[in-house]
Amino acid sequence: MARRTMAAGAVALLAIALTVGACGGGSSASGRPQYIIGFQGPLSGDSQQLGINAINGVRTAVDRANVSGQLPFTVRLVEADDQGTPEQGPTAAQKLIDNPDVIAVVGPMFSGATKASEPLYSQAKLLSVSPSATNPKLTSLGFGTFFRVIAPDTVQGAAAADYVAKALKAKKVFSLDDKSEYGTGLSTVLEKELTAQGVNVTHDGINPTKDYTSEATKIISEQPDVMFYSGYYPEFSLLTKALRAKGFTGAVMSGDGSNDDQFVAQAGAASAESAYLTCPCGDANSDPKAAGFVADFKRVNNGTRPGTYSGEAYDATNAIIGVLRKLGPGASREAVAQVFSSVDFEGVTKRVVFQPDGEIVGSTVYVYQVRGGKREVLGTTAELIKA
């Protein structure tokens, strides 16, 4: 779908940027022009750790840009907490839109909040780049200023199904989702691919709850080889605990929404042990090529290590900064959104280049497993299936 057109030329867009009113937030203490990048994501609520991981990645990119001394401007970060919910998404988005100095946004993060927020960003011609919203439909809804630096669940769901069928050799899978935009998007793709590969699939959906005892009983009664949960780590933690308490001996598995150390902390090391997690994201901490990013991240964030989506948020921010560098002082929101489709650079997570609909080009899905109370990367699904 051709919802975006490439710029007629960098010179023309630069002229637009310099003639339209500046949206860079005035000047910094150094006297250089200043741009403000917004962040929208869950900074409070049950799933806030994923938002914290991401905003720390943004902070790292902003700090690195400012200390480099190589830019004719400085960058500042402002945040808007949407708690990861579609109800809070529009309010958070409007907060950033109403700040005339916000030139672009990293986020939203969760698919439901993204779907609810993007009409506002599109109307305001304000670029938003999600590090983590994976519902497949988000790039087909006509959001003219939306991009994402992570592969959609059409990729993750199919890869997870391949791993379950070919590496774990499951004959029967119980697929449970949390009825959210993210959860239903992932489970739909997963179940379709599992069925195509001859795996017997039982589906159920349950809104997030604090008690999964009855759901655990239902799952165990089906005697699946694998239970796959499409949702976020707070609920996956409770579900896993309930399943283990009732003696479930099959494999428990979830997607990127659960791929965080908080899953282990909340489920307890004993219950979480051997659980599988998939993610279209690697682990920067174990990637030698990301050593510089990890060192910067720790320096900026008081020794904290990068978590899930930290690298993606870092890459999204650097993509925005690269566009600002191209446009120079005085860039407008509209010019940034127009030029962004031409981004092409080697990021810390992947080569960052986009398809016409705003999807990232290329994709790799990784499998993690909890071993000895820690999440470890087993490898890519493609590598593990061949092994």
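Reader: What should I know about the model before I start?
Author: It is predicted, so local features need pLDDT of at least 70 and side-chain atom pairs count only at pLDDT 80 or more, while totals for chains, interfaces and linings use all residues. Residues are numbered from 1 along each chain as its sequence is written, and side-chain values use heavy atoms, with hydrogens and water left out.

Reader: Is C279 buried or exposed?
Author: C279 is buried, at a relative accessible area of 0%. C281 counts as buried too, with 3% relative accessibility. Buried means under 20% relative accessible area, exposed over 50%, and partly exposed in between (1.4 Å probe, protein chains only).

Reader: How much space lies in the largest pocket?
Author: The general idea is that rolling a probe the size of a water molecule over the atoms shows where empty space is left. A pocket is an open set of points on a 1 Å grid over the protein atoms alone where a 1.4 Å probe fits, with protein on both sides within 12 Å along at least five of seven lines; lining residues have an atom within 4 Å of a point. In this model, the largest pocket holds about 890 Å³. It is lined by 45 residues, and C281, G282, D283, A284 and Y368 are the closest to its centre.

Notes: Grid points are joined across faces, edges and corners, and a volume is the space filled by probe spheres set on the points.
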